[in-house]
Amino acid sequence: MLIKDESAAIKMIEDFSLNAWPSHQIQYYDGWLLRFSYFYTHRTNSVEQLGHSVLPIDEKIDFCEDAYHHWGTPCIFKITPLLDNDFEKRLINRGYLTQHITEVMLLDFNMYRRSDPPVFVLLEHTINSRWINGLFALKGTTSAIHRQIVPSMYRAIPKDTLAASIQNDQGQIVAIGLGILDRSYMGIYAIHVHPHYRGRGYARAVCSTLLNAGKDMSLEGAYLQVVYGNTIAKKLYTSLGFQDFYQYWFRVKELF
């Protein structure tokens, strides 16, 4: 995939990511977005910098720490290549630690070659309760508050979606995935396979079905995010044609 302006491309993918994964609550503060979702994920429970800052940086960090302390969760800042290095140094000096290094990968649909999955993958245009309950089961989500707020977060996604799932003979969902369309790109999210069904190519089948749909829609590209060190997932995505683009991570200050 030809990237003429790397910073502009990173900004575009970061915009896609924000659209794809709404938070339960959002507070805008002098160019910073404070996202809160009862610590469901780091992405939906962190500070992201979107615009120009006017207030002193340390004053703003203090404000964020107070806000997340009020919410009862750690204060988390998302660190991307778009930020000035001095900002992360400020967080380090305050005792923030690195968590969840994530690799962002891109796929050029002009280079993608279709493949027919060996198992039937149901593709739906709505994120319904059956799919969400399958997500909870595959992730082992037991938190009552998460089971309450997460469905509304998924249904608040402002973009068209493709919800993929594979069922076993008993009708139980054993693999899922989600494609989120934004401009001429598809984001691949929520790839999960039941432990008893791993090694059967189900993750590949889900991804291929979503990518085939993107190819049919003449999209320009696809992107995804994989946690650093997840070598099995990285090998799969690379074999599908995804290439490394950039990394982001989180700086976290735990509650005391």
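A: Buried means under 20% relative accessible area, exposed over 50%, and partly exposed in between, with a 1.4 Å probe and protein chains only. Arg130 is partly exposed because its relative accessibility is 28%. The model is predicted, so local features need pLDDT of at least 70 and side-chain atom pairs pLDDT 80 or more, while totals for chains, interfaces and linings use all residues. Residues are numbered from 1 along each chain as its sequence is written, and side-chain values use heavy atoms, leaving out hydrogens and water.

Q: Which residue meets Arg130 in a salt bridge?
A: A salt bridge is a side-chain nitrogen of Lys or Arg within 4 Å of a carboxyl oxygen of Asp or Glu. Arg130 pairs with Glu124 at 2.6 Å, N to O. The structure holds 17 salt bridges.

Q: Which parts does the pair of Glu65 and Lys253 tie together?
A: Helices (H or I, at least four residues) and strands (E, at least two) are DSSP runs, numbered from the N terminus. Glu65 and Lys253 form a salt bridge at 3.5 Å, N to O. Glu65 belongs to helix H2 (residues 57-71) and Lys253 to strand E11 (residues 243-253), so the pair joins parts 188 residues apart in sequence.

Q: Are Glu88 and Arg251 buried or exposed?
A: Both are buried. The closest N and O atoms of their salt bridge are 2.8 Å apart. Glu88 sits in helix H3 (residues 85-93) and Arg251 in strand E11, 163 residues apart.

Q: Where is His42?
A: His42 is in the loop between strand E2 (32-36) and strand E3 (47-49). His42 counts as buried because its relative accessibility is 10%.
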